[in-house]
Amino acid sequence: MKLYSAQDISTKKDKELIKIALEHGKKLGAEYVEARIVKQKKEDIHLKNGCLSGYQNNKGIGIGIRVLVDGYWGFAGNPDMKEDKVITAVQRAYEIAKASGSLKDTPKVELSPLEPVVDHWCSQFEINPFDVSLDEKLDILYDATNEMTDVPDIFLREGFITFWQDEKIFATSDGTFITQLIVQSGAGISATARDDSGEIQIRSFPSSFRGDFHSAGFEFVKKMPLKINAERIAKEASDLLKAPECPVETMDIILGESQLALQVHESCGHPVELDRVFGMEANYAGTSFMMPELLGNLKYGSDIVNIVADGTVIGALGSFGYDDEGVKACKSDIIKDGVFVGYLTSRETAPKIDQVSNATTRATDWNNFPIIRMTNINLLPGKTPLEKIIRSTKKGLLLKNNKSWSIDDKRINFQFGCEIGWLIENGTITGIVKNPTYSGTTKEFWNSCDAIANGKHYRMWGTPNCGKGQPGQIMKVGHGVSFARFKNVKVGVGNVK
Amino acid sequence: MLNKKKAFQILEQAIKKSSYKNVEVFLFGGKKHLTRFAENTIHQNIIQKNYVLTVKITDGKRVGIAKCNIFDGKNLAYVVEEAEKLMKHIRDDDMVVAPKSPEKGDYEENKDNYHKKTSLVTPAERAETVMEIVSMCKPKKMVAAGTVVSGDSMFAYMNSKKRFAYDKRTFGDFTITLTNETGGTSSESSSNNNFYEIDFIGLTKKALKRAEMNQNPIELKPGKYTVLLEEMAVTTLLDFLAIMGFGGLQYYEKRSFMKLGEKITGDNITVVDNPYNKLCFGLPFDFEGSNRRKITLIEKGVAKNVVHDHRTAKVMNTKTTGHALSPGSSLGPFPINLEMNAGKKSTSSILKSIDKGILITRFFYSNIVDRNKTTITGMTRDGTFLIENGKITKPILNMRFNENVLEALKRVDLISKERKVFLGYGGIESTIVPKLLIRNFNFTGVSKL
């Protein structure tokens, strides 16, 4: 493994520009200045039926300047790394902050305290994917998708690989100087089947919507069992064409893998973002039903439900050394024994509930204002073997791989659709159903959770496309889950006509 | 903003970096100023600036693509090299098309899209606008959240066959969500290439009126109801139809619901993709440098056309319609200036005609449930009201719908003569829609704790 030092990330020129930005901000009169240089690389390959369907090879660089002037924020992004352009960006951020404060009765921003830190952090990886030849990357996808070729009804064989590399240099006028290198990798495959009537069904591995992603190098993708699962998922997609529709009734459901990860993401991760709670997302992503007066009082889930926010999990997609306010990554309780006990907070929002930031503030790139984002929101494993959960289910559905998701603006009413459902009758899987959906309300749903599978099935899943904010920002987050059972859930939407 | 001359220089320099014959380069970007307010205060106030260059090189049946945002000689050479590297490694693809020479008859340029004053809106002006809005809301005990946006953008295309196209525009955008003391919400939005033509005050007044009505909602049981969808809600139906089937790639792969020549909606529905509507003049050329054409997608209920780029046109033996997206996108050609026909009835007369129904301001977090049936789900948001005997009588709790879009468009009884324009990314995307009165709209749940 090549070791990357702070000097690899931050050049002499970067340091000079940062110094100029911080000094110019202070000279103008800002009480606090942040400068964040981000150098990003992204490679994204989408192979369809052996041909290149989509490809991104992007390289970008820029500096984001955030200033606090008389208690109000201003931000300017600038791609031009020349001294005069950086000074212009600082000037713009300053003018914007002055304008922000012109509104009468606007409370001033108070940041939770933070000791200055000088540090370097690098995510763990063995092989930098940007040092690997294209042939080697493409071969993984060719090999896997070729396995689907002879399966009947399959008309689309798709493979996806994505790599990111973020080099960040973050400095503040308080004396913080942090360099970080974060390398992330992931891949996935999918098979789409069609019958004579034109009906289409899809199966993917290991997760839908381009696969699974970790903070890791090319070694993660090399180890993914794409090839050995390719034929199986293709056959399942074909079988789904002939399978019965998901019934419309109330029954138990067992969620696993990336579907349970998404359930945690939508119905727990988002509503505990403190900026949503304070209305900062009211105009776009929505607010939350989990208001501060419920902290410590709301029985969010059953006693076995324990959820944490943990930006320190090695290899997880939502991990980092420091957030984009310079706060060290940490682990904190969100749901403890079923009770709502914690939020995701920033330096700006935490003081409003008499807390300090728990390091969840990040920006998509240098051109965006950092906002509260999930880190890794993990449903901790229970004690029951998965086999026992299935055996003790009288009638239910085991659901995997998301096909659609929808939840209201307060994160109460949700509906999810999955690629496949396995029908369980008297403790035995008896067949598959197509187009399975389930719906419910968050509190009732998590309180109906009566079993969580043990650590044998627990693992991290990566969600690379979490959207929030205006302008829209995409963030990479993670979720640790095993399997969990929920009682008496409404499944199916019937034949909508 | 990068002017035509500067854009030409960068693109020309990039093309010269490659030793290959068939090179295409695309440059887009600009500045976006966004003042975001919530809880009646400005909480995020920013300027974003960026330009991205895409290089696409083709050689026979192979293509290579790469992007960067730095345009010095070293980085231009790097991005060209990356594109060439990809081209050497991938397998042959029948859909690859070399760049084309300039077409006869150039694209229609619209100089009205660029308003110098809009490009110069200051942070202080945007803050003053927010101040005025908040001063209207506070006395009524309303909490305002929203965005005031101004900016400019440019798009330029060049290829090694001497095709060069350039477009610039400004944009202004306003969105507002109000929350009353009981937690009821309302929202309004408007976009215009000219920031100063946005009626911030009028829209805030409308949102205030709607928020005042949205207090103490009653619960309505899920089931089938007549609905009057306001324009924002109609955009959801149209946008999902586009995703599920208006593109040539989906049609080629037989994943589209479009069966050309067959009746798929009611007679009263016509949908076109029109970049040349004066209400929202779109980008006149696409990301392959082709002139964009007005395309009728559904005409009086009959599926007429899908949109194409050079790739899908080649394999389907037809001509491009000028709907290519950014190189490297796997979505294929896509309509970005959708327009649904207006009806003959005024909104007030449609409302009067409803004995019992639901008024829906907008949908939220919608998603595809079953692509085979064009079924989507989502929630209502920011004002859902009961209509009784031709009048809006009570607010109701937000409801979840599961509905087959094409079937719903067979049950449209009335269409408003008023239409509303929504602008999207960089001011080049747009949707123009009327209000729709739809029978038996399917609701399956209610949002309540």
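View 1. Taken over C-alpha atoms, the centres of domain 1 and domain 2 of chain B sit 23 Å apart. The assignment, whose bounds come from an automatic or database source, puts domain 1 of chain B at 4-210 and domain 2 at 217-446. This is a predicted model: local features need pLDDT of at least 70, side-chain atom pairs count only at pLDDT 80 or more, and totals for chains, interfaces and linings use all residues. Residues are numbered from 1 along each chain as its sequence is written, chains are lettered from A and ligands numbered from 1 in the order written, and side-chain values use heavy atoms, leaving out hydrogens and water.

**View 2. Where the domains of chain B touch.** Here 39 residues of domain 1 of chain B are in contact with 38 of domain 2 of chain B (heavy atoms within 4.5 Å). Between them they bury about 3,300 Å², with 55% of it on carbon and sulfur atoms; that is accessible area (1.4 Å probe) lost on putting the two parts together, summed over both.

**View 3. A salt bridge in chain B.** B:Glu230 and B:Arg210 meet through their side chains at 2.9 Å, N to O. The term means a side-chain nitrogen of Lys or Arg within 4 Å of a carboxyl oxygen of Asp or Glu. Domain 1 and domain 2 of chain B have 4 salt bridges between them.

**View 4. Strand 23 of chain A and a partner.** Strand 9 (residues 249-256) and strand 23 (residues 483-491) of chain A pair antiparallel over 7 bridges. Strands are DSSP runs (E, at least two residues) numbered from the N terminus, and pairing takes at least two bridges. A:Ile254 stands opposite A:Arg485 of strand 23.

Notes
Helices (H or I, at least four residues) and strands (E, at least two) are DSSP runs, numbered from the N terminus.
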